[in-house]
Structure formats: C-alpha cells, structure tokens
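Take a look at the protein below, and then let's walk through it piece by piece.

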Amino acid sequence: MEPLERVRGEIRRSPHEADEGGECILKMDRLKLENQILKRIRRGVDVSQNDNDFNKLALEIFKFQYERNTPYRGFCDFRRQTPSSVRHWKEIPAVPVEGFKEWNLCTFKIEKALRVFQTSGTTKE
C-alpha cells in the first residue's frame, strides 16, 4: 500500500512517493507556490517589502523543495536544518557549488526538464 497523508482535510500521496496520479496534486501545489512568487515579483522592487511576508514565502519555498528534492533533503537533514526547525529565511541552508556538480537539484523528474543550464563553475568535467 502506498503512503498517504492527510493535508487540509484531503487524502493524498506523500510527496516523496508521488506517481502519475499523485503528480497532479504536486502540480497544483507547485502552481500555487509559483503564483505567489510571481505576484511578489509583479509588485516590483520599488514597493515596500514586508520582511514577515517575505519570510513566510521563503519558508514555503524551502518546505516545498525539502519535500520534493531528495538530495537537498539529505543535505538539510545532515545539517539539522529542516522545515520544522528553520524559523527565518536566513537559516535556510544554501547548497554549496559542489552540490550542483554532484546532484540533480530539482523538484521534478529530470526527464521533464525543458532546459538545462551549465556553467564552467558547476559543470562536472
């Protein structure tokens, strides 16, 4: 039996075990987060930014990436910085350059990537 979790009154697959059926719910979560990010960007740089609002969004992004990116989750767990322990965006662990050389750091199946960007600083030679 597949792992399930109850979120906001609905039952869905654990994000760690999503298949094609669970992918639909993950896409809705991603689109919701994407809309929040775009809304913030559209406000522009000249608009006063509330640190509490930014912190809330940054922590949501961190939680999303932690739940859906296995290498990143392992890195965070090793550093003991998880969504349950991090309280401010400045505490969110940043991946060192070496991490980009070693792992596919994405929240979706790599086969679904539309583009891959590489630089001389992160390309594994």
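## A residue out in the open

Arg80 is exposed, with a relative accessible area of 74%. Here, exposed means over 50% relative accessible area, buried means under 20%, and partly exposed is anything in between (1.4 Å probe, protein chains only). You'll find Arg80 in the loop between helix H3 (70-79) and helix H4 (97-102). Arg80 has a positive phi of about 60°, although it is not a glycine.

Before going on, a word on where this comes from: this is a predicted model, where local features need pLDDT of at least 70, side-chain atom pairs count only at pLDDT 80 or more, and totals for chains, interfaces and linings use all residues. Residues are numbered from 1 along each chain as its sequence is written, and side-chain values use heavy atoms, with hydrogens and water left out.

## The whole protein

The protein has four helices and two strands, and along the sequence they follow the pattern β-β-α-α-α-α. Both kinds of element are DSSP runs numbered from the N terminus: helices are H or I with at least four residues, and strands are E with at least two.

How much of the protein is buried? Of its 125 residues, 24% count as buried. The accessible surface comes to about 9600 Å², and 54% of that belongs to carbon and sulfur atoms; such areas come from the Shrake-Rupley method with a 1.4 Å probe, and for residues only the protein chains shown count as cover. As for contacts (heavy atoms within 4.5 Å), take those in the protein with a separation of 6 or more: residues 24 or more positions apart account for 42% of them.

Which residues of H3 are buried? They are Tyr72, Arg73, Phe75 and Cys76. Seen down the axis of H3, these buried residues fall within an arc of 160°, so they line one face of the helix. That arc is taken from the directions from the helix axis to the C-beta atoms. What covers the buried residues includes helix H2 (51-68).

At the start of H3, a side-chain oxygen of Asn69 reaches to within 3.1 Å of the backbone nitrogen of Tyr72.

## Salt bridges

How many salt bridges does a search of the whole structure find? It finds three. To count as one, a side-chain nitrogen of Lys or Arg must be within 4 Å of a carboxyl oxygen of Asp or Glu.

One of them joins Arg30 to Glu34, with the closest N and O atoms 2.8 Å apart. Both residues lie in helix H1 (residues 20-42), four residues apart, which is about one turn of the helix. Arg30 is partly exposed at 31% relative accessible area, and Glu34 is partly exposed too, at 35%.

In helix H2, Lys63, Glu67 and Arg68 are linked in a network of salt bridges. Glu67 meets Lys63 at 3.4 Å, N to O, and this pair is four residues apart, about one turn of the helix. Glu67 also meets Arg68, at 3.1 Å, N to O. Are these residues buried or exposed? Glu67 counts as buried at 18% relative accessibility, and Arg68 counts as buried at 12%, whereas Lys63 is partly exposed at 43%.

How values were computed. Polar contact = N/O pair within 3.5 Å; in protein donor to acceptor, adjacent residues only side chain to side chain.
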